[in-house]
Each structure stands twice: as C-alpha cells, then as structure tokens.
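Reader: Hi! I'm new to this one, could you walk me through a few spots in it?
Author: Happy to, let's open it up and look together.
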Amino acid sequence: MSPLRVVLVGFGPVGARFAEELLPAVEDGRVHLTIIGAETHDPYNRIMIAEYAAGETTREALTTALAADFTAAGATVLTGRRVARIDREHDEVEIDGGERIHYDRLVIATGARSNVPSLDGLDRLGRDAAGLDESLTEGVCVVRSLEDAERVKRVVDAGGRVVVLGAGVLGIEFALLMAAAGAIPQLAHFGPMPMPRQLDRGAAHVLSRALDAAGVAVVPHMRAEGIIAKDVDGVRSFRALVSSDGKRVEGDLLVLSCGVQPRAELAADAGLRVGRGILVDDRLRTWSDPRIHAIGDVAHIADAEAYAHERDVPGGPSGLVGPGWRQADWLAASIIAELDGEQHPAFSEEVPGVVLVKASQVDLVSAGDVHADPFAPTPAGEQPREVALWADPQHGTYVKMTTTDGVLDGFVAVGMPRAAAELAVLYQRRGELPSDRSLLLRLDSAEAAVPTAQGRDATICMCNAVTAGQIEDAVAEHSCTTVEDVGRCTRAGTGCGGCRARISDMLTQLEVAPA
C-alpha cells in the first residue's frame with residue numbers, strides 16, 4: 001500500500017508541531033510528508049521574538065525544531081519556498097518556480113500577518129525577503145519575524161525612542177519590554193483606554209498607571225493619520241507619527257501593533273470558503289474540500305451545516321498559540337487513527353481562553369466577560385449579574401469577578417498574581433467561587449504563603465495545556481530541576497512564557513530548584 005501523501009504549507013510554530021506529531025507515521029513509511037516553508041530559518045518561537053529584540057533571550061533559545069531532524073525522519077523539507085497556488089482539480093500545489101507537488105491531504109498552517117494601517121507618508125516597498133509581506137518605510141515595522149526583531153534590536157541597543165501604535169496585549173507587552181531594555185517607549189492608541197476588549201474602565205485605569213510607573217508614556221485618543229519621514233543617508237526614514245488633531249509623537253522606530261489577519265489568500269484563490277479565516281469543521285476539514293485542512297491562526301472553526309448559507313459566520317481564529325497547537329496535535333492524531341482504521345473523536349476546544357500580559361513590571365490576567373456594571377439596574381424578568389470588585393488604584397491592584405449562580409463567567413486581575421492564578425483555574429474548570437470573595441484577595445497579602453497548585457489537574461501552562469500533575473511527574477521521573485528541564489519534558493513554558501514563574505514556584509515547593 002502506497003503511503004498517504006501529506007503536504008504541509010507553513011513551517012511556523014503550529015505547522016512544525018503538526019509535523020512533529022505526524023513523524024511516527026512518517027518513520028514507519030505510512031505517510032510521505034512534504035513541508036513547505038517560506039522562511040529560510042528553522043522553526044522558531046514567534047511569540048518570543050520581542051523578548052529576543054529586547055535582549056531577554058537568545059536567538060538559539062527561540063528555535064523550536066530543526067529541519068534536519070524532519071529530513072532524517074524521512075520527510076521532505078523545502079524552506080525558502082512559497083506556494084503559488086493550490087490546484088484542487090489535480091490535487092496539487094504549485095510552488096514558486098513552477099514545481100508541482102501532489103497531495104492526498106493538504107494542511108494549511110500559514111498563520112497570520114500583521115495589519116498595516118493606511119497612513120499618509122507610509123511607503124510600501126514591495127515584497128520582503130520571504131515574499132509574503134510588504135517591506136515598509138525605513139524605521140517602520142511589525143514584529144512578526146526574526147528580521148523585524150533584528151531591526152528593533154538595533155534601536156534598543158542604541159537606547160533609542162520607540163513608538164508603538166496599538167494598545168492590545170502585544171503592543172503593551174512590547175512597550176514594557178522596550179522600557180525594561182533601556183529604550184524610550186511611547187504607546188499610542190485610539191480611544192480612551194488600553195485593551196478595551198479585555199478590560200473594564202477600572203482595570204484599564206490601574207493598568208495605565210502601572211505603564212506610566214514602568215516608564216511607558218501612554219498617548220491615548222491618538223487617531224493616527226500619517227508619518228513624517230526624513231532623508232537619512234539617502235534613505236527615507238521614520239521620524240514621527242502624527243494624528244488628525246495635530247498630535248505628534250517623535251521616535252527612531254515605529255512598531256505597528258494593530259492586530260492581525262489570517263493568511264488565507266491561497267485558500268480564497270483556490271475557491272475554498274473563507275470567513276475570518278479558512279472555514280473548517282470540527283474535523284478541521286475545509287467546508288469546501290474535505291481533503292484540505294487548516295490549523296492555527298488561519299483556521300476559523302464553525303459548524304458548516306448551521307452556517308452554510310449565512311454570509312457572516314460567527315467566531316474566528318483565536319489568535320493564541322495554545323489552540324493552534326491543540327489543533328495540530330488533534331489533526332496529526334486523527335490522520336494516524338485513520339491509517340489504523342479507527343475514528344478519532346471530533347475536535348473541540350476544551351480550555352477556555354485566558355489572556356495575560358507577560359511582563360515583569362505588570363501582572364494582568366483577564367478572561368470572559370468583565371464589562372458588567374455592578375451598580376446597573378437589572379431589567380424585570382432577567383437574572384441579575386453577580387459582580388464582586390476590589391480596587392486600590394494607589395497601590396496598583398484591581399480585581400473584578402462576574403458570576404452566575406456562583407460560577408465564574410469572567411474576571412480581570414491587575415497587580416494580584418496569586419489571586420489571578422486561582423481565578424484562572426476556577427474559570428477553566430467552571431468552578432464556583434468561595435462565598436466569601438475576600439478569601440481570594442488574601443492570597444496576595446504579604447503574610448500569605450505561596451499557594452500550591454489546586455490539585456494535579458490544575459492547568460499550569462495554558463499554551464500547551466500542561467497540568468500540575470504532569471510537571472510533578474516530570475520532576476519525579478526525569479529529575480527536572482529547572483524550568484528549561486520541565487519544558488523539554490512537557491513543553492510547559494515553551495509558548496508565550498507567561499507560566500515560567502509559576503513553574504519556578506512549583507519547583508521551589510517540590511524542593512528541587514537549583515540553589
């Protein structure tokens with residue numbers, strides 16, 4: 001029997017994870033895997049490239065897999081190559097140069113690109129080195145690739161002024177990293193408050209004060225309209241961001257953090273249905289062609305039967321690496337199960353999304369609906385929302401919890417990391433809060449001991465869904481003594497990095513952390 005021919009388009013974190021999980025079937029000859037990646041680098045942790053730009057990690061530490069290992073296992077790896085089109089009629093992809101590769105299954109893991117707003121004076125200078133995105137005016141960049149990180153690093157090393165446009169999670173994390181690295185960051189955003197989707201007014205106020213204390217100058221109500229550029233050694237280079245009302249924010253570098261959009265053009269050009277990403281069902285098959293799958297930031301999971309005739313399909317890609325990795329794991333397991341003649345259960349996302357700002361200067365975690373007003377009247381016939389709130393803006397702490405029948409619907413916590421950790425566990429478990437909510441506040445008191453994880457099933461690493469029990473087993477069975485050891489054994493801490501401090505706490509509690 002001939003091997004199943006699987007073609008993977010995209011060799012980023014999610015694509016590489018899928019390929020890793022499929023390797024057993026490649027090694028035993030049941031699958032012939034061809035990997036096509038536009039970048040020339042080995043797969044790397046794209047989430048941590050801002051840390052690399054700020055000097056908090058090394059280039060080597062970013063690498064998550066080696067192309068040579070996939071080749072040694074029997075896969076064909078084509079790096080620095082781009083898929084020009086998908087030929088569904090002949091089950092082939094055509095790559096640059098005209099070469100055509102046949103597939104039985106096609107997996108699209110092309111991720112997302114950063115949005116580039118229309119700004120007067122901002123030049124688009126043609127395709128970048130990978131041929132996927134546009135090069136911009138000198139001194140203007142997004143931070144999605146190693147090349148972007150190198151540009152930022154040069155400015156940071158010189159102690160330069162960095163203007164960040166956009167105050168979502170990534171923009172805030174980036175500005176805080178720049179401040180910690182010795183650069184001079186300014187965070188400009190449209191509207192009155194940062195992170196408006198994840199924070200209520202109180203949490204945003206406390207966060208803004210924390211940003212100011214960390215050395216990040218916040219410029220709200222910035223309706224960016226254009227840039228000012230000057231000639232530097234014959235090259236037109238960024239010098240200032242300007243708004244419609246005359247604000248001017250000067251700097252040596254402009255970093256655009258204005259959200260992302262899926263790289264779904266290959267699918268759209270091939271006639272696959274696209275919503276806010278490539279539309280796939282609960283088996284991660286595209287609505288239009290069951291032989292083609294999509295995973296990660298390019299995949300929009302939705303019920304094909306329910307929304308087949310709807311113009312606007314609800315939902316969209318999560319934008320988080322954890323769900324992408326879980327999709328990659330599931331799809332590889334499903335293909336292997338099919339080869340074994342078994343039916344794999346449908347994919348479902350069981351871990352509710354929790355958003356955290358990973359920065360040494362600010363502790364912020366948010367999940368679910370946090371915008372309920374505790375003092376708003378409840379319309380007749382409706383169940384009142386239960387809201388508990390604690391605010392101490394002077395000391396940078398804020399907690400808000402919304403519940404229904406005692407079960408947590410959403411929360412936001414600023415400056416209270418232990419309460420946030422407890423709330424995250426309860427939120428993911430759909431657990432009930434204690435009737436005395438003040439018990440949670442006491443976790444962050446000066447007298448409180450560092451809490452142990454709430455049982456072996458408590459999720460420690462949200463990106464990789466690694467539990468406390470798995471980490472305890474790694475310590476006991478593999479003599480893990482460092483966060484890096486735990487990461488190699490369980491993958492915990494290898495995603496966004498937000499759980500590394502918590503893993504370190506666990507090692508201390510288990511009395512195995514090195515002195």
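Reader: Where is Asp405 found?
Author: Asp405 is in the loop between β26 (397-404) and β27 (407-414). Keep in mind as we go that this is a predicted model.
Reader: Thanks! Is Asp405 buried or exposed?
Author: Asp405 counts as exposed, because its relative accessibility is 56% and the cut-off for exposed is over 50%.
Reader: And what is the phi of Asp405?
Author: Asp405 has a positive phi of about 55 degrees, although this residue is not a glycine. As background, most residues other than glycine have a negative phi.
Reader: Which residue other than glycine has a positive phi near 75 degrees?
Author: That would be Arg491. You'll find Arg491 in the loop between α14 (483-490) and α15 (500-509).
Reader: How accessible is Arg491?
Author: Arg491 has a relative accessibility of 27%, so it counts as partly exposed.
Reader: Okay, new topic: sheets! In what order do the five strands of the open sheet come?
Author: The order is β11-β18-β12-β13-β14, and the pairing is parallel.
Reader: Which strands stand at the edges?
Author: β11 (140-141) and β14 (217-219) do. Each has a single partner strand, so one side of each is left without a neighbour in the sheet.
Reader: How many bridges join β11 to β18?
Author: Two bridges join them, and the strands run parallel; β18 covers residues 253-256. For one of the pairs, look at Val140, whose bridge partner in β18 is Leu254.
Reader: Nice. Which strands does helix α5 lie across?
Author: Helix α5 (residues 146-157) lies across β11, β12 (161-165) and β18, and it runs at about 145 degrees to β18.
Reader: What about helix α6?
Author: Helix α6 (residues 169-180) lies across β12, β13 (184-188) and β18. The angle of α6 to β13 is about 160 degrees.
Reader: Is Thr110 buried or exposed?
Author: Thr110 is buried, because its relative accessible area is 19% and buried means under 20%.
Reader: Which residues does Thr110 touch?
Author: Leaving aside residues up to four places away in sequence, Thr110 touches Val9, Arg263 and Val298. With Arg263, a polar atom of the Thr110 side chain lies 2.9 Å from the backbone oxygen of Arg263.
Reader: Great, thanks for the tour!

Key: Residues are numbered from 1 along each chain as its sequence is written. This is a predicted model: local features need pLDDT of at least 70, side-chain atom pairs count only at pLDDT 80 or more; totals for chains, interfaces and linings use all residues. Side-chain values use heavy atoms; hydrogens and water are left out. Buried means under 20% relative accessible area, exposed over 50%, partly exposed in between (1.4 Å probe, protein chains only). A polar contact is a pair of N or O atoms within 3.5 Å; within protein, one must be able to donate a hydrogen and the other to accept it, and residues adjacent in sequence count only if both atoms are side-chain atoms. Contact means heavy atoms within 4.5 Å. Two strands pair if DSSP finds at least two bridges between them. Helices (H or I, at least four residues) and strands (E, at least two) are DSSP runs, numbered from the N terminus. Axes are lines fitted to C-alpha atoms, for helices over the stretch in contact, and angles run from 0 to 180 degrees between N-to-C directions.
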